[in-house]
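Here are a few exercises to work through with the model open beside you. Try each one yourself before reading the solution.

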Amino acid sequence: MSVELKMKKSSASADAFVNGLVKENPTFVLMLGMCPTLAVTTSAMNGLGMGLTTTVVLVLSNMLISLLRNIIPAKVRIPAFIVIIASFVTMVELLLEGFIPSLYDALGIYIPLIVVNCIILGRAEAFASKNPVIPSAFDGLGMGLGFSVALTCIGAVREILGAGELFGMRVMPEGYVPISIFVLAPGAFFVLAALTALQNKIKRTLEAKGKKAEADKIQSGCSSDCMNCSDAGCAHRFYDGKAEGTIAEAAAKAEEAPKAEEQTVEEKKEEN
């Protein structure tokens with residue numbers, strides 16, 4: 001394997017990681033996984049625990065689905081993905097119940113509901129089922145850490161404003177009167193909206209300064225339409241030995257198509 005190919009693989013893995021952590025943060029950009037985001041973020045610890053639990057399931061399921069991507073029949077891929085995800089969720093749930101019972105009790109029903117979290121199933125379908133193991137692992141890690149950061153931030157703001165504490169420790173003055181609405185359901189919507197607006201403001205500020213902001217670019221999977229694809233960092237171009245030839249052929253066909261149409265029109269005119 002050439003040094004250039006190794007560098008391309010490393011670059012693709014890094015892009016997959018940053019993509020989930022920043023560019024396509026599942027909470028603030030894609031708005032996925034809203035149920036646990038709004039329900040369990042009454043404290044920073046709950047948000048961090050939910051995020052890390054989801055991250056573990058994301059990484060493991062992405063890796064296994066990527067390993068089996070050429071074995072699982074296309075017609076039953078969704079049921080197969082769900083079985084794989086449910087197996088890892090069950091393992092994580094049992095480990096939490098055995099070793100971190102306080103977090104297990106705090107998260108409650110939302111641990112088994114990770115099975116139907118659209119972030120996990122979405123990454124399995126859009127990325128892991130089409131890419132090798134290492135990029136899929138980094139994609140799951142990036143998405144999971146992005147989800148963890150978002151939930152921790154929301155939980156921290158709600159805990160500070162609603163209880164005057166952070167990770168269970170008092171951070172506000174003794175005379176501070178907690179705003180109880182922030183530990184209730186409406187507070188989750190307020191904080192989510194405020195933090196989403198903040199990240200949009202930061203993104204627009206970067207754009208105004210002329211810096212490259214790619215948060216608007218949704219790279220949630222390969223459409224297999226290489227001819228019309230504008231993603232120069234597509235993993236298929238690096239890992240599939242036939243991909244570069246396929247892309248070159250598609251580009252050549254795209255260039256020849258207008259000429260062929262012109263010839264057909266001229267031939268019809270001559271016939272008439």
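**Exercise 1.** Which residues in α4 are buried? Then check the length of α4 and find what covers those residues.

*Solution.* Keep in mind that this is a predicted model. Start with burial, which here means under 20% relative accessible area. In α4 the residues that pass are Phe81, Ile84, Ile85, Phe88, Val89, Val92, Glu93 and Leu96. As for the pattern, an α-helix has 3.6 residues a turn, so residues three or four places apart point the same way.

Next, the length. Helix α4 covers residues 77-99, which makes 23 residues.

Last, the cover. Among the elements lying over the buried residues of α4 are α3 (44-67), α5 (101-107) and α6 (118-126).

**Exercise 2.** How many salt bridges does the structure hold? Say where each partner sits and whether it is buried or partly exposed.

*Solution.* Count two salt bridges. Take them one at a time.

- Glu125 and Arg77 pair up at 3.0 Å, N to O. Glu125 belongs to helix α6 and Arg77 to helix α4, so this pair links distant parts of the chain, 48 residues apart. Glu125 is partly exposed at 23% relative accessibility, and Arg77 is partly exposed too, at 32%.
- Arg123 and Asp139 pair up at 2.8 Å, N to O. Arg123 is in helix α6 and Asp139 in helix α7, so the bridge ties together parts 16 residues apart in sequence. Arg123 is buried at 5% relative accessibility, and Asp139 is buried with a relative accessible area of 0%.

**Exercise 3.** Count the disulfides, then explain why Cys35 is where it is in that tally.

*Solution.* A disulfide is a covalent bond between the sulfur atoms of two cysteines. The cut-off to apply is a sulfur pair within 2.5 Å. The count comes to zero. For Cys35, the nearest cysteine sulfur is that of Cys118, 9.7 Å away, and Cys35 is in no disulfide. Cys35 is partly exposed, with a relative accessible area of 47%. Cys153 is also partly exposed, at 35% relative accessibility.

**Exercise 4.** How far apart are Asn19 and Met143, in sequence and in space?

*Solution.* Along the sequence, 124 residues separate Asn19 from Met143; in space, the C-alpha to C-alpha distance is 7.6 Å. Asn19 sits in helix α1 (residues 3-23). At 4% relative accessibility, Asn19 counts as buried.

Methods
Residues are numbered from 1 along each chain as its sequence is written. This is a predicted model: local features need pLDDT of at least 70, side-chain atom pairs count only at pLDDT 80 or more; totals for chains, interfaces and linings use all residues. Side-chain values use heavy atoms; hydrogens and water are left out. Buried means under 20% relative accessible area, exposed over 50%, partly exposed in between (1.4 Å probe, protein chains only). Helices (H or I, at least four residues) and strands (E, at least two) are DSSP runs, numbered from the N terminus. The expected span of a helix is 1.5 Å times one less than its number of residues. Contact means heavy atoms within 4.5 Å. A salt bridge is a side-chain nitrogen of Lys or Arg within 4 Å of a carboxyl oxygen of Asp or Glu.
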